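Here is a friendly briefing on charged and aromatic side chains. Have a look at the model first, and then walk through the notes below.

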Amino acid sequence: MNLDNQVVLLTGAAGGIGRALAGALSGAGCRLALVDRDERGLRETAAALPQTGRRVSLHVCDLADREALRALPQAVLHEHDAIHVLVNNAGVGVGGTFEQVGEEDFDWLMRVNFHAVVDLTRAVLPVLRRNAAPSRIVNVSSLYGLVSPPGQTAYSASKFAVRGFSNALRHELRGGSIGVLVVHPGGVSTGIADNARAPQGMDPAEFDRIRKEKNRLLRMPPAKAARIIVRAIEADKARVIVGFDAKVVALLERLMPVSYWRVLEWLMTRRR
């Protein structure tokens, strides 16, 4: 897919992988519709983009708001003449085990990480069908959409759901002009651990310890991850695993689908 002059609707663009993707896509010649609930972060992302002369529009939207999501494609079309690529990148985290995470927090995470992907895809798909040239849907899952670590029941459930939805949708759209790419980033250095919600009643010291442990594993620069994802879009790939760590863990899960986590815990203990 030649991305030059294509319109990309990108969620979660105020920071992390989203901000890096905005830069990489802009460098590829894309016109951008950047979406996030953080207006200040969106403006900072836009200010950091290379000056390509391509149009960039900013859309402040809370992905937990279903009605706002349904209205988003028309808001984008008001600023641009089409949508060629949808990138469902936004994601949130909640710390703690299943018994620690309350129903409200669990449902909120699923609302943003999974249901927003489905709702926005449903809203944008008719727009993509109007395009004569190839279009793409890019759904960002996670390494935790391939493996299921303890303390990540909500997050892993949402990312496995994104993976399953993306794969089934790709099969349904096979033979047409709309491709589906599912992305599984490994340890990318973003703010997701720092911005994760703490369960009500959890000891702040325990939550801070968990957060620091998670941050220790986040090493890949977002810009490097973004370049890998953009190349995968251009190559019309169906899946991309981002990072050597993610590839190793994904292979281990395939070889030892039940006991892989015991091996990973042993390796992580040795690395400490």
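**Charges and rings at a glance**

The structure holds 10 salt bridges, a salt bridge being a side-chain nitrogen of Lys or Arg within 4 Å of a carboxyl oxygen of Asp or Glu. Please keep in mind that this is a predicted model, where local features need pLDDT of at least 70, side-chain atom pairs count only at pLDDT 80 or more, and totals for chains, interfaces and linings use all residues. Residues are numbered from 1 along each chain as its sequence is written, and side-chain values use heavy atoms, with hydrogens and water left out.

**Salt bridges**

- Asp119 forms a salt bridge with Arg66, with 2.8 Å between the closest N and O atoms.
- This pair links distant parts of the chain, 53 residues apart: Asp119 is in helix H4 (residues 103-129) and Arg66 in helix H3 (residues 66-79). Helices here are DSSP runs (H or I, at least four residues), numbered from the N terminus.
- Asp119 also meets Arg111 in a salt bridge, at 2.5 Å from N to O.
- Asp119 counts as buried at 12% relative accessibility, and Arg111 is buried at 14%, whereas Arg66 is partly exposed at 35%. Buried means under 20% relative accessible area, exposed over 50%, and partly exposed in between, with a 1.4 Å probe and protein chains only.
- Glu39 and Arg43 are joined by a salt bridge of 3.1 Å, N to O. They sit 4 residues apart in helix H2 (residues 39-47), so about one helical turn separates them.
- Arg19, Arg40 and Glu44 are linked in a network of salt bridges.

**Positive surface patch**

- Lys224, Arg227, Arg231, Lys237 and Lys247 form a positive surface patch. Patch residues have over 30% relative accessible area and no salt bridge, and like charges are joined within 9 Å.
- Helix H7 (residues 222-234) gives the largest share of this patch, 3 residues.

**Aromatic pairs**

- The whole structure has 4 aromatic pairs. Rings of Phe, Tyr and Trp (its six-membered ring) pair if their centres lie within 6.5 Å; planes under 30 degrees apart count as stacked, over 60 as edge-to-face and the rest as tilted.
- One of them is the edge-to-face pair of Phe114 and Phe165, at 6.4 Å centre to centre and 80 degrees between the planes.
- Phe114 lies in helix H4 and Phe165 in helix H5 (residues 153-173), so this pair ties together parts that are 51 residues apart in sequence.
- Phe114 is buried at 16% relative accessible area, while Phe165 is partly exposed at 22%.

Conventions:
Helices (H or I, at least four residues) and strands (E, at least two) are DSSP runs, numbered from the N terminus. Patches are made of residues with over 30% relative accessible area and no salt bridge: like charges are joined within 9 Å, nonpolar side chains (Val, Leu, Ile, Met, Phe, Trp, Tyr) within 5 Å. Accessible areas come from the Shrake-Rupley method with a 1.4 Å probe; for residues, only the protein chains shown count as cover. Lys and Arg count as positive and Asp and Glu as negative; His and the chain ends are not counted. The place of a charge is taken as NZ of Lys, CZ of Arg, CG of Asp or CD of Glu.
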